[in-house]
Amino acid sequence: MSDIVTVTRDGGVAVVTLDNPPVNALSLRLRQPLDAALAELKDDETVEAVVIACAGRTFISGADITEFGKPEATASPNLRELIVRLESFGKPTVAAIHGTAFGGGLELAMGCHFRVAVATAKFGLPEVKLGLLPGAGGTVRLPRLVGPSKALGMIVTGNPIGAKDALESGLADAVFDEDLVANAIAFAREKVKAGAPLVAVRDRDDRLADARADLAGFDAEIAEVTKKARGLDAPKRCAEAVRNALTMPFDQALTTEREYFVELVSGDQSKAQRHLFFAQREAARVEGVDADVRPRQISRVGVIGAGTMGGGIAMSFVNGGIPVTILEMNDEALQRGLGVIGRNYDISVSRGSLTEDAKARRMAMFTGTTDYGDLAGCDLVIEAVFEEMAVKKEVFGKLDHICRPGAILATNTSYLDVNEIAAATSRPEDVLGMHFFSPANVMKLLEIVRGDKTRPDVLATVIGLAKRIGKVPVVVGVCHGFVGNRMLAARSTELESLLLEGATPAQIDKVFTDFGWPMGPFAMGDLAGLDIGWRTRKSLGKTAAVADALCEAGRFGQKTGKGYYLYEKGSRTPTPDPEVEKLIEEKARERGINRRDISDQEITERTYYPMINEGAKIVDEKIAARPSDIDIVWVNGYGYPIGKGGPMHHADAIGLAHLVERLEHWHGKTGHDVFKPSPLLKRLAAEGKSFAALQAGKA
Ligand SMILES: NC(=O)c1ccc[n+]([C@@H]2O[C@H](COP(=O)([O-])OP(=O)(O)OC[C@H]3O[C@@H](n4cnc5c(N)ncnc54)[C@H](O)[C@@H]3O)[C@@H](O)[C@H]2O)c1
């Protein structure tokens, strides 16, 4: 017995309680006493059945991922050995599940003969989200319980299911509303009484028969669920492993699963994804915002502007269960904005992801107004009006008069100085930036811009609120474009230059999609609308030869059927357009540029490396608290491929010394400032260090 594993008795039923806070992870210090307790109970003739339950807020919610790559991870007894012990126990074993049975936790539960749960419990094998697959029999046992199709979906997406679903699909044997352990004991006692032969999950084959008889049909299902895997190895390996459960004897499938696991866990993609997992946790830690800072209460949110961003922002809150008052300049603009919101929900209804009833309930949570006075009852007001300082200041001046003391005032500005906006109020300590990304109801990132005077409790409130509505918050400092757009700008100028010097939009886009992006920057520009950037450039007095010329020719992207590419009517597929090629050649000629062949390597170096360089400056200036925050921004706001871990993690993989050498090379060739290596990058490179080392305080 240990503090972590205790055994109590209720007649012939032994209850093994695991208590390894916070989430009962399967670390070695839990596995050892659990194994010892099971060994003892197996030999104890007075024990007729065993219930495994957990103390605290959850059942075992996974492996201890801090053990990955360390000897503890595989030290005996490992999880596979524990499961073998359970499967060959000889008396009924029952997992009693509350909270989450995730990853190794669910694998252990599938080693038991039975699983019972409370109604709020969740079951899942989320390993794929860390670039892995379940490595202790999950891919071989789950199909035997829920059938191969459902197992495939759960393992390839990593998404959990609820208790009701688990019961219906065969993963759970009983679900109780309350008194889990008492009910589990009664359940175990019944099984003892019934005396039916015990069948381990490994020996159940009945649910595999249909798929075995139609492997081609199953392969089609695999193709469907792995469609979005885009260069990621783990989803493919997950699917293959489930397929192996159909085609191979149990032990062979188990061994193969293990081989896949070992291959994935030592691969770059999983390292990148695990980096992101920890990075996201880390991003929530903000200097000066300690655990004792009390957040403010937010019950109603106001949104000013029902345009592209305002509408999406308002939807995010309503989707998170928080009512919104949305204000526009006039009734026509308001109705247009609400109309777009309604149509967005209609799309969800037509896709089956939202019911008509739910849509009606959500629409009822929007209150439209053109009267600023109606914002008086809001606890937080987010401004999403035109990107002009004068307009923003006027709006914040009004808010200062109308909003109650203690209300938080936020701006969704992309570039403007949050301190200057805050100074338009008498309460700059309650002002901050909440920079959402388009489409705001979809994209997960929220850059929280901390002004010079923003109070810690305001930050704490907004960080908590972001999580409540399913966003990923990253706190950043004030500068032009904050973290994401500032780095994007460093890349954008080079994209233009590459076009003029000889590359084509299709060639550049392919370099990006080969890297793992869902689409390249030009296809993305066409999708978002080229007029947005055009307007921004004009307001900043900036130009971009090719992009401006396209807009002048009325080529705004998909919405006008042509942009960098041509789009057939009703199609979103980009086709290269000789007209654009001609236009680029003309612009190059005007500038005296001789176009040449550009290699893919040059495209990579001239687009990614300036971004990383800018990222280093952002870290040096403390606009981002740590390099990994930048990775979280890029993965969640811009779709940076997760298998690469974000630009700063990727930079470490490239090697900073090599990066500096290539930046200097391109600086020499082009004279462009974006290639001038930042002092921080140069220092780290000279010392043979990495961004990871810097973050760990070792550089
Ligand atoms: N579009 C993007 O991708 C994006 C991304 C992040 C942030 N932003 C920022 O969000 C803000 C809004 O951008 P958008 O793309 O939604 O613009 P938009 O033009 O689509 O919407 C702006 C809306 O604000 C309304 N408006 C203007 N002045 C107003 C006022 N004084 N009172 C009430 N309503 C007013 C307009 O009628 C319009 O409907 C800008 O600051 C922009 O920089 C935009």
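Mentor: This is a predicted model. Start with helix α15 (residues 331-351) and helix α16 (residues 356-363), which pack with their axes 10 Å apart and at an angle of about 160 degrees.

Trainee: What makes α15 roughly antiparallel to α16?

Mentor: The angle between them is about 160 degrees. Angles over 145 degrees count as roughly antiparallel, so α15 is roughly antiparallel to α16.

Trainee: Which residues make the contact between α15 and α16?

Mentor: On α15 they are L338, I341, G342, Y345, D346 and V349. On α16 they are E356, K359, R362 and M363. Contact here means heavy atoms within 4.5 Å. As for handedness, the crossing of α15 past α16 is right-handed.

Trainee: Now the strands. Why are β10 and β13 said to pair?

Mentor: Two strands pair if there are at least two bridges between them. Strand β10 (residues 301-304) and strand β13 (residues 380-383) have 4 bridges, so they pair, in the parallel sense. Within this pair, V303 stands opposite I382 of β13.

Trainee: How many bridges join β10 to β11?

Mentor: There are 4 bridges between β10 and strand β11 (residues 324-327), and the two run parallel. Here G302 is opposite T325 of β11. With helix α14 (residues 308-319), β10 and β11 make a right-handed β-α-β unit.

Trainee: Why are both faces of β10 called covered?

Mentor: Buried means under 20% relative accessible area. V301 and V303 on one side are buried, and so are G302 and I304 on the other, so both faces are covered.

Conventions
Residues are numbered from 1 along each chain as its sequence is written. This is a predicted model: local features need pLDDT of at least 70, side-chain atom pairs count only at pLDDT 80 or more; totals for chains, interfaces and linings use all residues. Side-chain values use heavy atoms; hydrogens and water are left out. Buried means under 20% relative accessible area, exposed over 50%, partly exposed in between (1.4 Å probe, protein chains only). A crossover is right-handed if, with the strands pointing away from the viewer, the path from the first strand over the helix to the second runs clockwise. Axes are lines fitted to C-alpha atoms, for helices over the stretch in contact, and angles run from 0 to 180 degrees between N-to-C directions. Angles under 35 degrees count as roughly parallel, over 145 as roughly antiparallel, 65 to 115 as roughly perpendicular and the rest as oblique. A crossing is left-handed if the near helix is turned anticlockwise from the far one by less than a right angle, and right-handed if clockwise.
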